[in-house]
Amino acid sequence: MDKILERNVKLLLENWRQYVLFENIETASRLSIFDFDETVAFTEGHINVTNKITGEEFKITSQEEYDELKASGKYEFDFSPLDDVNNATENPNVTRILRNRLQDNKTQVMVLTARAPVSVDDIHRTLQMFDSPIDTSNVIIIGVEGENKGEYLRDVILSKYDNIKDVEFYDDSEQNITDMQAVKEELVGDRLDRLSIYFVKDGIPNKEQ
């Protein structure tokens, strides 16, 4: 199977899986959202970057580099090198929480990653291959390919599922934390009862005010 066909098949399968799982979200009152890279797991990989003005191309490997370049608006990003998950190591400080949430029938667990949607199948496999495997049959995994996670929560999830009143968010990106804080200020007290935000630094989640 060539690379393009394999990518398209993965996307079709994932779209069906998401359709089925999004039906399950209707019974939840809490949504627990976890970033993948450097949050649920420590991984190896890079993003290809192109300067929109000069055409210069280079690679970046850290969340901090990505946040800084994205904020400038001067660069285009290619996430295809992250289609596959490489050398993932579980972060027990976060997966302990994720496993706990999976035991609560009023909580829907979501992994919301900056990777492309085609990477989702590999993330499922990675979680299932931890020393203590995580059953992902009830985990929604979404690849937003670098888009605003706060806006995704507001416009895609909360606009459709008004049963969700409590959200918690774990991420290692300062920009994603800022984007989610903007949504918190907009929606808590009106649409949501609570939105708890945790900045994951060096693998440890710290609650933001």
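Leaving aside its neighbours within four places in sequence, which residues is S32 in contact with? Here are some friendly notes, starting from that residue.

1. **S32.** The answer is R101, T107, Q108, V109, M110 and E168, where contact means heavy atoms within 4.5 Å. S32 sits in strand β1; helices (H or I, at least four residues) and strands (E, at least two) are DSSP runs, numbered from the N terminus. At 0% relative accessibility, S32 is classed as buried. Buried stands for under 20% relative accessible area, exposed for over 50%, and partly exposed for what lies in between, with a 1.4 Å probe and protein chains only.

2. **What to keep in mind.** This is a predicted model, in which local features need pLDDT of at least 70 and side-chain atom pairs count only at pLDDT 80 or more, while totals for chains, interfaces and linings use all residues. Residues are numbered from 1 along each chain as its sequence is written, and side-chain values use heavy atoms, with hydrogens and water left out.

3. **Strand β1.** Five of the five residues of β1 are buried, so the strand is largely enclosed by the rest of the structure. R30, S32 and F34 point one way from β1, L31 and I33 point the other way, and all are buried.

4. **Partners of β1.** Strands of a sheet pair through backbone hydrogen bonds, either parallel or antiparallel. Two strands are taken to pair if DSSP finds at least two bridges between them. β1 pairs with strand β7 (residues 107–113) in the parallel sense over five bridges, and I33 has M110 as its bridge partner in β7. With β9, β1 also pairs in the parallel sense over five bridges; there the bridge partner of R30 is D166.

5. **The six-strand sheet.** These strands belong to an open sheet of six strands in the order β8-β7-β1-β9-β10-β11, with mixed pairing. At its edges are β8 (139–143) and β11, each of which pairs on one side only. Neighbouring strands of this sheet are turned by 20° against each other on average, direction ignored. For the angles, axes are lines fitted to C-alpha atoms, for helices over the stretch in contact, and angles run from 0 to 180 degrees between N-to-C directions.

6. **Helices on that sheet.** Helix α3 (residues 92–102) lies across β1, β7, β8, β9, β10 and β11, running at about 155° to β1. Helix α4 (residues 120–128) lies across β7 and β8, and runs at about 140° to β8.

7. **D166.** Is this residue, D166, buried or exposed? D166 is buried, with a relative accessible area of 14%, and its place is in strand β9 (residues 166–171). Not counting residues up to four places away in sequence, D166 touches S29, R30, L31, L192 and R194. With R194 there is a polar contact from side chain to side chain at 2.8 Å. The term covers a pair of N or O atoms within 3.5 Å; within protein, one must be able to donate a hydrogen and the other to accept it, and residues adjacent in sequence count only if both atoms are side-chain atoms.

8. **The three-strand sheet.** Another open sheet has three strands in the order β4-β3-β5, and its pairing is antiparallel. β4 (57–60) and β5 (75–78) stand at the edges, each with a single partner strand, so one side of each is left without a neighbour in the sheet. The twist averages 30° from one strand to the next. Four bridges join strand β3 (residues 47–51) to β5, and T50 has E76 as its bridge partner in β5. Helix α2 (residues 63–72) packs on this sheet, touching β3, β4 and β5, and its direction makes about 135° with that of β5.

9. **Two backbone angles to look at.** Most residues other than glycine have a negative phi. E38 has a phi near 65°, a positive value in a residue other than glycine. E38 is found in the loop between β1 (30–34) and β2 (41–44), and is partly exposed, with a relative accessible area of 30%. D202 has a positive phi too, near 55°. D202 is placed in the loop between β10 (194–201) and β11 (204–207), and is exposed, with a relative accessible area of 69%.
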